[in-house]
Amino acid sequence: MAPNHPTRSPPSARPVSSEASGPRGRSLSSALALPHSVVVSLCVCVCVCSVPVTCWEQGKNTTNPTPHCSLEHPRWAAWGRAGGGGPGRGRQSFGRRRGESNCRWPPLGEAGDASVSPGAGRGVNEQRGHALRSGCSSWDGLGSWTCGPLLPRAGAFMFPYFIMLIFCGIPLFFMELSFGQFASQGCLGVWRISPMFKGVGYGMMVVSTYIGIYYNVVICIAFYYFFSSMTHVLPWAYCNNPWNTPDCAGVLDASNLTNGSRPAALPGNLSHLLNHSLQRTSPSEEYWRLYVLKLSDDIGNFGEVQLPLLGCLGVSWVVVFLCLIRGVKSSGKVVYFTATFPYVVLTILFVRGVTLDGAFTGIMYYLTPQWDKILEAKVWGDAASQIFYSLGCAWGGLITMASYNKFHNNCYRDSIIISITNCATSVYAGFVIFSILGFMANHLGVDVSRVADHGPGLAFVAYPEALTLLPISPLWSLLFFFMLILLGLGTQFCLLETLVTAIVDEVGNEWILQKKTYVTLGVAVAGFLLGVPLTSQAGIYWLLLMDNYAASFSLVIISCIMCVSIMYIYGHRNYFQDIQMMLGFPPPLFFQICWRFVSPAIIFFILIFTVIQYRPITYNHYQYPGWAVAIGFLMALSSVICIPLYALFQLCRTDGDTLLQRLKNATKPSRDWGPALLEHQTGRYAPTIPPSPEDGLEVQPLHPDKAQLPMVGSNGSRLQDSRI
């Protein structure tokens, strides 16, 4: 058993060997034995996440027993119970057949499970808190906490950030929430509003696929650092490890720390080295680059797959699948923990951070405006990217999660609360970040802006190095990376549920409805296999390539087309009337103006500035080759190209004598556009003749001159049609 060392010994007093002798060596060897710790931690996570959810639901159903059909998608169960069919009027007969299955449904009001409670036509969240927690957990992700683009221009970033939030972020957030809640459909089904633009939904699916692939790789790296933190001394604290180079200059090594004291001044040669940060190599950077990634010299040189990272990737996908195995109901309960615990850790780190030496310098750098950089287009572009990424606009996740709300849920209030909570979390996290960075800058004798760069280097180089400077650093490291895992899992839940819901809604046959769990498993397995190359020695190059191209300006284009199609193709008056029918009041004038004019204009100018100020991607000093940049553009276009391709496909299959007639028919709402449940189909969505559950009638629109009703005899046989 390793002895308990109250203080760290200076590096000169500890032997440097390939086995890292002493307590540090035993800690490293135990950290490298990842399969055992991975299995143990996975078992704990599974027990904590899945057992309470299952027991809670079973206990609830035993108090109010409800016969369950083998339907995995909850919306179809609700349609069958209502006896009225699917969304709108186009699926009346299909819903009727589902209602006549072998399952015996009790009265609608007696449903004890959330999946069959009267709501928006699918499994709804019975409590509004589920939607709020899911939103906060899904979009207060790693991007909100690490504040990547914020670091280089912190003082100049705040003003554009809030401008983009007010005039672009919150309006688009409310639009997507109201869009999904009104139709009770995923990112594909909602485009019954204008079938020619269904390619926007496919583009959202492609973007969510790319993000889901590399996002879980980031989570698996957080898992790896979490397991590596289960040591007496963090493995990236000193420069005496086998993977370190002679250029390594650690803060703890150079400061000659003994008993927690720090010398008054750093050595002259080290101070010179630190002032030229491009020449400095920290132990955390070498641990990240030479040990965790074993980084290759080129994006085309994949090298070997890192087995520890591959194991952690499998753990992260298994955890995501187990938390979503019961659908959105289980994820709504899991986020009780995933949405609240990060705030607890954040507060702990905040209290600890502001008490460190130099924290005030970092916070002042964070808050001091840099007016000379306000006019830089790059700052505004970064602010818009941060808003889109942190709020999840154009991913399809907002539409999907909102589709599980009750029809009359106040999504306007939810959008305000979630958006402000998300951005307040980013601002709050900024105080934690810059207090720690100020502490690092004080130790290193450099400016705060030169401590670390944004991106993965911020989360897995700067923060681990800062954590080594804290008392009881392994404990803080465990809490920090556990928090990153929870933040990442909250977003990954949303991404996976978006893909599964879109697939199930689009196929819609009986088999896939009964086998939704297998669809979830298939998506998880595919995501794991596609993420395997990202765990190779060139994986970080491909991860950054996907992040910079697959999920950047394509989000801007998708949001712009979605806004234009709803406001100008479907019609802003029609959409405002839909929201009034759903919420009881029209959208405020501010949102009407933003949706019609301000938000599309901002999105358009951001796109123009992105193209004008385009610079090829780099990673540190590595310049990506031309063929890799071309692949990045192809990934970006793969989501955008879905929009014109599907529009052409829809034009070809639409009836019409002329191109103009085809265009009109392809852009007008389909017959089954509208609220999902008959009880919510009021106004212009109300059927002319209410259907009778006993008659099995299919609702058809009545023409002013004639209409046909199927007459049913007493024996159930159809009589000759009569004209009205």
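Modeller: Ile593 counts as partly exposed because its relative accessible area is 39% (buried is under 20%, exposed over 50% and partly exposed in between, with a 1.4 Å probe and protein chains only). This is a predicted model, in which local features need pLDDT of at least 70 and side-chain atom pairs count only at pLDDT 80 or more, while totals for chains, interfaces and linings use all residues. Residues are numbered from 1 along each chain as its sequence is written, and side-chain values use heavy atoms, without hydrogens and water.

Ile593 sits in helix H25 (helices are DSSP runs of H or I with at least four residues, strands are runs of E with at least two, and both are numbered from the N terminus). Together with Val564, Tyr568, Ile569, Leu589 and Phe597, Ile593 forms a nonpolar patch on the surface, whose accessible area is about 550 Å² in total. Such areas come from the Shrake-Rupley method with a 1.4 Å probe, and for residues only the protein chains shown count as cover. Patches take residues with over 30% relative accessible area and no salt bridge, joining nonpolar side chains (Val, Leu, Ile, Met, Phe, Trp, Tyr) within 5 Å and like charges within 9 Å. Helix H24 (553-583) and helix H25 (589-612) are the elements that each give two or more residues to the patch.

Arg684 and Asp578 form one of them, with an N to O distance of 2.6 Å. Asp578 belongs to helix H24, whereas Arg684 lies in the loop between helix H28 (659-667) and strand S3 (708-709), so the pair links distant parts of the chain, 106 residues apart. Asp578 counts as buried because its relative accessibility is 2%, whereas Arg684, at 42%, counts as partly exposed.

A further pair involves helix H20 (residues 473-507), which holds Glu506. The salt bridge between Glu506 and Lys198 brings their closest N and O atoms to 2.8 Å. Because Glu506 is in helix H20 and Lys198 in helix H8 (residues 198-228), this pair ties together parts that are 308 residues apart in sequence. Glu506 is partly exposed at 34% relative accessible area, while Lys198 is buried at 13%.

Leaving aside residues up to four places away in sequence, Glu506 touches Leu188, Lys198 and Tyr202, contact meaning heavy atoms within 4.5 Å. The side chains of Glu506 and Tyr202 are also joined by a polar contact of 3.3 Å (a pair of N or O atoms within 3.5 Å; within protein, one must be able to donate a hydrogen and the other to accept it, and residues adjacent in sequence count only if both atoms are side-chain atoms). Gly186 is 320 residues from Glu506 in sequence, yet their C-alpha atoms are 8.9 Å apart.

Lys516 lies in helix H22 (residues 516-531) and Glu497 in helix H20, 19 residues apart. Both Lys516 and Glu497 are buried.

Methods:
Salt bridge = Lys/Arg side-chain N within 4 Å of Asp/Glu carboxyl O.
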